[in-house]
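Good morning, and thank you for coming. Please look at the structure on the screen while I describe its interface and its cores.

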Amino acid sequence: MEGVYFNVDNGFIEGVVRGYRNGLLTSNQYLNLTQCDTLDDFKLQLSSTDYGNFLSSVATEGLTTSIIQELASQKLYQEFNYIRNQTRRFNKKFMDFITYGYMIDNVTLMITGTIHDRDKAEILQRCHPLGWFDTLPTLSVATDLESLYETVLVDTPIAPYFSNCFDNAEELDDLNIEIIRNKLYKAYLNDFYNFISSELPEPAKEAMQDLVVFEADRRSINIALNSLQSEDIAPDLKRELLPDLGKLYPIATAHLAEAQDFETVRAIVGSVYEYKGILESGNLEDHFYKYEMELCRDAFTQQFAVSTIWAWMKSKEQEVRNITWIAECIAQNQREKINNYISVY
Amino acid sequence: MIEEDKDILDLLENLSKYNLLLEQLQNSMRDGYSNLSRANYHNKDSIRGRYGKDYWDYSYTGNKTVKVDLTSGEDTISIFKTKLLNSDSIEIKEDDQSSSNTIIDEKNDNVLKNRKEKTTSKTKTSKSSNEVKPVIEKNPITMFGSAFTIPQSLRDSQTNFESIIPLLQELINTKNKINKITNDAL
């Protein structure tokens, strides 16, 4: 019965998102891009896709991979904001939840930039546009996390996620900031999952749960692997950072917190069917991207679901990464590596 | 063998060595930039920023020193890891009676601190005078994401670029030898 009233509020949005989805680059279009010899050819090939003439204002001499990535990303943000401006009620809250992850990144970026003696204007340019909030520039003036929270962050939507973060506020160095960031993200994922489970109707709930659960598992595996390279991270700390949801939670997560070497992590991750073999060969991040894209592609098979917004968003981000990679290979004349992109459409 | 032949042989040997080093440099640079591009691909935040000067820590003073030796005729250089000096340590001073109870950092005054924590810890540190914390060597890769978010491809890129440093040293020393031989011949 979910389809009966869905289109009243969300029909237009789903129509727009499916239109955007149909504009995603296909395997044939990627093949055409990989056969370009120069960035000018690349620009010409992209003009025949949904990107159109987004590079028309850039002269041939000034065309670089950074500019291609920047302008492609801007197109993504414009489309996201267009959809966001059409939403209401729980869909608006859903779109807001998508932006909270970027807000967390921006907050940690501002704090990190301050301790790295960076100019505020420089850091603000690097902030993610979708995670922007009005009081973000004022984060550079506070001197410790508690005053940051009390003066600025308490009024932001991510304020509730700071409840467990003040233990690491003794001295804000790179490691402590990263720990705080991971704690914030853990709380955010839990909150997002609870919202999905309680507010979203089927089939969006099921699709989004799969996607958020995968995000949690990805973070767990990355934290477990990357922490092997640092001696400062005790098992108790790791346990605090690993998300409390996902296919790895609770048994595999508890073992990952105790793992001290790569072979142990590989055995633990291999015990979960979906991630079997993910650490055997190839690059881990590539495996994650492929799995995520397959989940996103499958999310579009469901009608009358707002999960298509998240799926389109992640697919578009992957597309920007892909075209940036292909452009880099063309610019560096590394043709043998040009086919290392992920395409599922 | 006459002196001229010896000089010519030296010159040829150094030119060959220079050529080989240049090829190795080119390969390492190519692999380094390729891995850097891959790291940008793997960086989930790369939509808003690529690994580069946007991430730099301006308070970082580097961990390599270049020593130029002009005393010998060939002007050689050597690049080695900088030794950490004791004066770089952070000192907790006993006579800080201010209500803010700040820790004085000689290198960097922009370290963010938790002021409330310092009020309780001050009484403990007052017992030991001028306690010096050990200086911890900082891997420059941590400015790109610290412990948890550095992709393996970025570490590979760092390895590639670090392997270039001894190559650069040898290249410059070889070039100076070539210059000396040709100048002496003239």
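How many residues does the contact take from chain B and from chain A? The contact, meaning heavy atoms within 4.5 Å, takes 59 residues from chain A and 42 residues from chain B.

A word on the source: this is a predicted model, in which local features need pLDDT of at least 70, side-chain atom pairs count only at pLDDT 80 or more, and totals for chains, interfaces and linings use all residues. Residues are numbered from 1 along each chain as its sequence is written, chains are lettered from A in the order in which they are written, and side-chain values use heavy atoms, with hydrogens and water left out.

Let us stay with the interface. Across the interface of chain B and chain A there are 2 salt bridges, each a side-chain nitrogen of Lys or Arg within 4 Å of a carboxyl oxygen of Asp or Glu. R50(B) and E328(A) form a salt bridge through their side chains, at 2.2 Å from N to O.

I turn now to the cores. A nonpolar core is a set of buried Ala, Val, Leu, Ile, Met, Phe, Trp, Tyr and Cys residues joined through side-chain atoms within 4.5 Å; buried means under 20% relative accessible area, with a 1.4 Å probe and protein chains only. The largest such core has 124 residues, of which F42(A), F94(A), Y188(A) and F192(A) touch the most other members. A second, separate core has 9 residues, including L36(B) and Y51(B).

Finally, F94(A): leaving aside residues up to four places away in sequence, F94(A) touches several residues, among them F192(A), M208(A) and W310(A).

Definitions and conventions: Buried < 20%, exposed > 50% of the residue type's maximum accessible area, 1.4 Å probe, protein only.
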